[in-house]
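Please view the sequence and structure below before reading on.

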Amino acid sequence: MAQQFVQQQHQSEEPQSQAQSKTQKNDSSQLQEDALDAVLDDISSTLETDAETYVSSFVQKGGE
Amino acid sequence: MPQLRDSSNQGPGNTTLRSPEYDSFHRIFGIETEYGVSVTGASKPCDPGQVAMMMFAPILSRSRSTNTYLENGSRLYLDVGSHPEYATAEARDPSTALAQDLAGEKIMRRLAIGAQERLRKTHGEHATIHLFKDNVDSAGHAFGCHENYLVRRYVSLPIIKSQLLPFLVTRQLFTGAGRVTENGFEITQRAAFLDEGVSSSTTRFRPMVNTRDEPHADPDEFRRLHVIIGDSNRSQWATKMKLATTHLVLCVIEDAAKRGIASGFEYCALSADPSVSNKAMSADLSCGKPVMQVEDIDALRTMQEKLGLMSSPSGLENHSETVTALEIQYLYWTIVSRFVDSHHDQIEQSLPDTDHADILREWKAALDALASKDFSSLSNRVDWAAKYQLLAKMKERNPELSPTQARQIDMNYHDVVNGSIYQSLVGHGLIETLVSDDAIEHALGNPPEDTRAALRGGFVHQALKAGAKFTCDWTHLKTSSPIRHEVELIDPFSCVPDSEYRRLVEDM
């Protein structure tokens with residue numbers, strides 16, 4: 001019984017620390033998401049230009 | 001160009017007078033970066049060749065040539081196919097080479113902005129020059145980013161092939177620049193364009209390591225390892241890490257070759273055609289498929305067991321000859337890490353400005369993130385992960401995103417003149433940088449202080465100041481007016497002017 005109790009206690013500690021690190025992770029991934037959104041806002045005007053022309057303009061002979 | 005040497009494989013040289021660096025792990029690093037050129041928004045046709053020539057107009061008027069050396073010791077030139085190219089001066093440390101490469105990027109940007117101003121006078125105010133630090137154009141022409149490492153002569157080409165190539169292919173997990181291809185996103189820019197492992201070809205067939213053996217040093221002591229397999233990186237971390245990890249792997253290989261013992265890397269030797277493994281790993285965005293075809297799977301499994309490493313279950317079940325790229329990387333990391341522990345002082349001395357413990361830690365952290373498929377945690381330093389994450393987010397916002405638009409995002413990330421994405425990622429703290437703007441500016445005007453580059457840079461500086469007619473290459477400095485004079489600099493590690501050099505500079 002005592003062993004089981006120890007195990008249970010151990011188990012109950014684990015999820016707590018996991019949950020804690022998960023929250024921290026969520027915070028940082030939320031920050032990352034927000035920053036990515038800002039980048040997408042920054043570059044949306046870039047993408048409004050003619051992608052086809054932009055891409056097809058880049059043709060060069062090989063180098064090396 | 002210096003005389004080409006036969007890449008014969010000799011044992012440790014019998015030279016009596018060796019340079020002090022020969023019996024150490026000191027290394028010379030160099031990066032050659034080719035850039036791609038395009039123009040949009042011009043009011044009349046304008047081809048990349050014209051634009052490249054316009055970029056080099058100031059160089060041509062200064063040097064009467066599109067091939068020149070700069071005051072920071074680097075080489076700036078227009079390569080085959082109108083690719084502007086910048087080769088860094090000799091560096092003793094990966095972070096020095098990184099700063100020099102970034103200086104090259106800045107020089108290219110300035111040349112392109114100057115050319116754009118002039119172009120707008122003839123081709124309309126919207127004419128825009130794009131300069132891509134990537135490796136493939138839209139028609140599938142490839143161009144390169146080559147790394148050079150000075151390696152002790154007793155490391156033979158078969159050793160390079162069996163012991164280094166598996167590392168070079170699999171390191172792309174964290175150094176790959178990523179590319180939007182017709183078949184979807186890939187980890188590397190170049191896998192589709194590399195045909196063979198180690199050979200002397202350059203443009204017709206592309207090997208991963210070129211055997212061109214111009215050591216630009218005493219050929220009895222050193223060979224030049226010319227690595228072609230790398231991508232051009234925007235990530236500063238990736239550029240530094242590819243040089244630093246390759247250096248550490250080379251230290252193990254050199255030590256084993258010198259003492260005639262096994263390095264442990266030979267168990268990773270790839271089967272006959274490494275380009276098959278290279279292409280498969282580049283396309284595996286899970287980074288976990290057993291795509292690497294090795295020569296002797298049983299020997300590799302035995303070695304993994306000996307080192308206490310996990311092996312991929314899929315490979316075992318199938319009894320196939322394949323393992324994951326990560327398994328190979330973990331094996332390299334483990335052997336390098338043990339070697340560094342037992343050669344701590346020598347390794348420390350070989351890297352004047354880089355902490356090898358940091359490199360090992362960063363390397364391991366990247367592998368662990370890949371192993372747990374936590375790719376987003378790598379997006380602040382691994383180019384392919386940064387682009388992959390951005391594209392995924394873009395598709396979330398705009399499900400209609402076309403393959404062409406995805407390709408445009410990819411290209412914009414690499415445009416060092418008018419691209420906005422990389423700058424925006426850096427600006428929002430989504431990509432880390434290692435070198436300050438001041439340090440880049442310094443590297444633009446000053447050569448590395450602890451190599452031959454210091455002598456070359458000093459010579460170019462003095463020649464320009466004095467208005468002397470001069471030429472140089474990696475090992476020679478010449479003036480033709482006011483007097484004819486030539487000095488040979490055979491030791492890339494030496495930054496100490498001898499009497500001949502002093503006379504050359506004083507006589508200008």
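The face of α12(B) that is turned away from the buried side of this helix carries the exposed residues B:D358 and B:R361. The model is a predicted one, in which local features need pLDDT of at least 70 and side-chain atom pairs count only at pLDDT 80 or more, while totals for chains, interfaces and linings use all residues. Residues are numbered from 1 along each chain as its sequence is written, and chains are lettered from A and ligands numbered from 1 in the order in which they are written.

**Helix α12 of chain B**
- Helix α12(B) comprises 16 residues, 356-371, and spans 22 Å from its first C-alpha to its last, close to the 22 Å expected at 1.5 Å a residue; the expected span is 1.5 Å times one less than the number of residues.
- Helices (H or I, at least four residues) and strands (E, at least two) are DSSP runs, numbered from the N terminus.
- The buried residues of α12(B) are B:H356, B:I359, B:W363, B:A366, B:L367 and B:L370.
- Viewed down the axis of α12(B), these buried residues fall within an arc of 95 degrees, so they line one face of the helix; the arc is that of the directions from the helix axis to the C-beta atoms.
- They pack against α5 (172-175), α6 (236-259), α10 (325-342) and α11 (344-350) of chain B.

**Backbone features**
- B:K373 follows α12(B) and lies in the loop between α12 and α13 of chain B.
- Although B:K373 is not a glycine, its phi is positive, at about 55 degrees; this residue counts as exposed, with 11 C-beta neighbours inside 10 Å.
- B:C287, in the loop between α7 (274-283) and β13 (292-293) of chain B, also has a positive phi, near 55 degrees.
- B:C287 counts as buried because it has 22 C-beta neighbours inside 10 Å.
- B:S481 and B:P482 are joined by a cis peptide bond with omega of about 10 degrees, and B:P482 is in the loop between β16 (476-481) and β17 (485-488) of chain B.

**Contact between chains A and B**
- In chain B, 42 residues are in contact with 24 residues of chain A, contact meaning that the C-beta atoms of two residues, placed from the backbone, lie within 7 Å.
- α14(B) gives the most to the side of chain B that touches chain A, with six residues.

Key
A residue is buried if 20 or more other C-beta atoms lie within 10 Å of its own, exposed if 12 or fewer, and partly exposed in between; C-beta atoms are placed from the backbone.
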